[in-house]
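Subject: Structure for you to look at, with notes

Dear colleague,

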Amino acid sequence: MKKGLLLVLTSIMLLIIAACGTSGEGTGSDAEGENEGEASKTLRVVTDAAYAPFEYLEGDKVVGFDIDFINAVADEAGIDIKVENVGWDAVLIETEKGTSDLGVSAITINEERKKSYDFTVPYFLSTNKILVNKDSDIKSAKDLEGRVVAVQNATTGQVAIEKIVGENNPDVKKFENTNLAIMELLSGGAEAVVADNTVIEAYVENNPDKDLMVIEDPTNFEAEYYGIMFPKDSEYLEEFNTALKAILENGTYAKIYKEWFGSEPDVQILIDQQ
Ligand code: ARG
């Protein structure tokens, strides 16, 4: 008797679960049916979400310019993606190994990285700048010699400062993310942070009480361009390249840029780099 009841209950529950499943799928991406019978794969996008305004956490959600940007590119390409916050070192390692399909993390395109990765055309112009206390006597990159400087490990900021003070210089303190490098400056453990201009400029603007300022040195810190990063010979590179070029030209990129930065982007400067 008891067994019979259990069986009935189980069957009812299975029916409910099955019903939910069906209605859920009806509204899913299956309905689009574009890719000729081929099951569409969701690509794994990795990022280091400690880099506002490009990628950062709001609760447990990854948000930022890069996130809206990559969603727009993927949308244009008709490709499903899922962004995962794995941290900077893992962005580099996973994308090199191919356990991630692509990385979007304010990643600078450079010759060194091109040996290990493929990149799309540029989507953002950036340069390293120097974050210091307002009363600092540091006025240029050369003034950083003999000072303790905090950087995010394995970034172009680290490379830029090491070009001036030498590789493996113990005065260069390397951190897992840029926020930790900024904390080091705030706590007096470093006299400067070298990092991407947009990130440290946003930090100064959002934290006026911290009495920090940003110094530029275009002679020592060159212009850099961000790209979407793929494992070498990725089959997806061309589709993303085409879609990225399309959103640069059809106004979608400018719309997202304006939402995040409040001004018109110089799209031509990016297109000229292609
Ligand atoms: N643009 C610099 C580089 O590629 C820093 C990027 C760091 N990005 C991040 N999400 N932490 O090296």
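This is a predicted model: local features need pLDDT of at least 70, side-chain atom pairs count only at pLDDT 80 or more; totals for chains, interfaces and linings use all residues.

Residues are numbered from 1 along each chain as its sequence is written, and side-chain values use heavy atoms, with hydrogens and water left out.

The protein chain contains 10 helices and 14 strands, where helices (H or I, at least four residues) and strands (E, at least two) are DSSP runs numbered from the N terminus. Of its 274 residues, 46% count as buried, a term that stands for under 20% relative accessible area, with exposed meaning over 50% and partly exposed in between (1.4 Å probe, protein chains only). The accessible surface of the chain comes to about 14,600 Å², and 51% of that surface belongs to carbon and sulfur atoms; these areas come from the Shrake-Rupley method with a 1.4 Å probe, and for residues only the protein chains shown count as cover. If one takes the contacts (heavy atoms within 4.5 Å) between residues at least 6 apart in sequence, 73% of them join residues at least 24 apart.

Turning to the helix pair, the axes of α2 (residues 65-77) and α8 (residues 237-249) come within 8 Å and cross at roughly 110 degrees, the axes being lines fitted to C-alpha atoms, for helices over the stretch in contact, with angles from 0 to 180 degrees between N-to-C directions. The two helices are therefore roughly perpendicular to each other, since angles under 35 degrees count as roughly parallel, over 145 as roughly antiparallel, 65 to 115 as roughly perpendicular and the rest as oblique. On the α2 side the residues that meet α8 include Phe69, Ile70 and Val73, and on the α8 side their counterparts include Phe240, Leu244 and Ile247. The residues of this contact divide into 11 nonpolar, no polar and two charged, with Ala, Val, Leu, Ile, Met, Phe, Trp, Tyr, Cys and Pro taken as nonpolar, Asp, Glu, Lys and Arg as charged, and the others, Gly among them, as polar.

There are 15 salt bridges in the structure, each one a side-chain nitrogen of Lys or Arg within 4 Å of a carboxyl oxygen of Asp or Glu. One of them joins Glu84 to Arg44, with the closest N and O atoms 3.0 Å apart; Glu84 lies in strand β5 (residues 80-85) and Arg44 in strand β1 (residues 42-47), so the pair ties together parts that are 40 residues apart in sequence. Both are partly exposed, Glu84 with a relative accessible area of 30% and Arg44 with 22%. Another joins Lys114 and Glu111 (3.3 Å, N to O), which both lie in helix α4 (residues 111-114), three residues apart, about one turn of the helix. Here Lys114 is partly exposed at 39% relative accessibility, whereas Glu111 is exposed at 58%.

Finally, Phe124 lies in strand β8 and counts as buried, at 5% relative accessibility. Leaving aside neighbours within four places in sequence, Phe124 is in contact with several residues, among them Phe54, Phe65, Tyr226, Tyr257 and Glu224. The C-alpha atoms of Phe124 and Glu224 are separated by 8.3 Å, although these residues are 100 apart along the chain.
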